Amino acid sequence: MSDSQVTIKLTRDEALVLSHWLERLQMTDLSRVVDDSAVWAPIHRIAGTLDKALHELFAPDHDQRLEAARQRLRPED
């Protein structure tokens, strides 16, 4: 079996929200959340890819953009 790549496509809103969540995850006591150290390689790769792709992460209004993205992604009641 070859090591072929998998492509995941996200909207900018999905990417922004996921990037924020991954950042918070990486700042926690990860051993309580992730019990397999092999999972960290893909988590760090995804987080790094998102960091490079999202200029919004460094925008002065990042918090407002993040909250707007969250609102758009939440299902309506």
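Leaving aside neighbours within four places in sequence, L16 is in contact with L54, E56, L57, H62, R65, L66 and A69, where contact means heavy atoms within 4.5 Å. The structure is a predicted model, in which local features need pLDDT of at least 70 and side-chain atom pairs count only at pLDDT 80 or more, while totals for chains, interfaces and linings use all residues. Residues are numbered from 1 along each chain as its sequence is written, and side-chain values use heavy atoms, with hydrogens and water left out.

**Fold and overall dimensions**

- The chain has 4 helices and 0 strands, where helices (H or I, at least four residues) and strands (E, at least two) are DSSP runs numbered from the N terminus, and the order along the sequence is α-α-α-α.
- With a radius of gyration of 14 Å, well over the 11 Å that the globule rule gives for 77 residues, the chain is more spread out than a compact globule; the radius is taken over C-alpha atoms, and the rule is 2.2 Å times the number of residues to the power 0.38.
- The C-alpha trace spans about 40 × 30 × 30 Å along the principal axes of the chain.
- Among contacts between residues at least 6 apart in sequence, 64% join residues at least 24 apart.

**Surface and charge**

- Carbon and sulfur atoms account for 53% of the accessible surface of the chain, which comes to about 6,400 Å², as given by the Shrake-Rupley method with a 1.4 Å probe.
- Of the 77 residues, 26% count as buried, that is, under 20% relative accessible area with a 1.4 Å probe and protein chains only.
- The chain carries 10 positive and 14 negative charges, whose mean positions are 4 Å apart; Lys and Arg count as positive and Asp and Glu as negative, without His and the chain ends, and each charge is placed at NZ of Lys, CZ of Arg, CG of Asp or CD of Glu.

**Nonpolar core**

- The largest nonpolar core has 13 residues, of which L16, L22, L25, W40, I43, L50 and L54 touch the most other members; such a core is a set of buried Ala, Val, Leu, Ile, Met, Phe, Trp, Tyr and Cys residues joined through side-chain atoms within 4.5 Å.
- At least two residues of this core come from each of α1 (12-26), α3 (40-53) and α4 (62-73).

**Individual residues**

- L25 lies in helix α1 and counts as buried at 7% relative accessibility, and its C-alpha atom is separated by 16 Å from that of E14, 11 residues apart along the chain.
- H62, placed in helix α4, is buried with a relative accessible area of 14%, and it touches L16, H20, E56 and L57 when residues up to four places away in sequence are not counted.

How values were computed. Buried means under 20% relative accessible area, exposed over 50%, partly exposed in between (1.4 Å probe, protein chains only).
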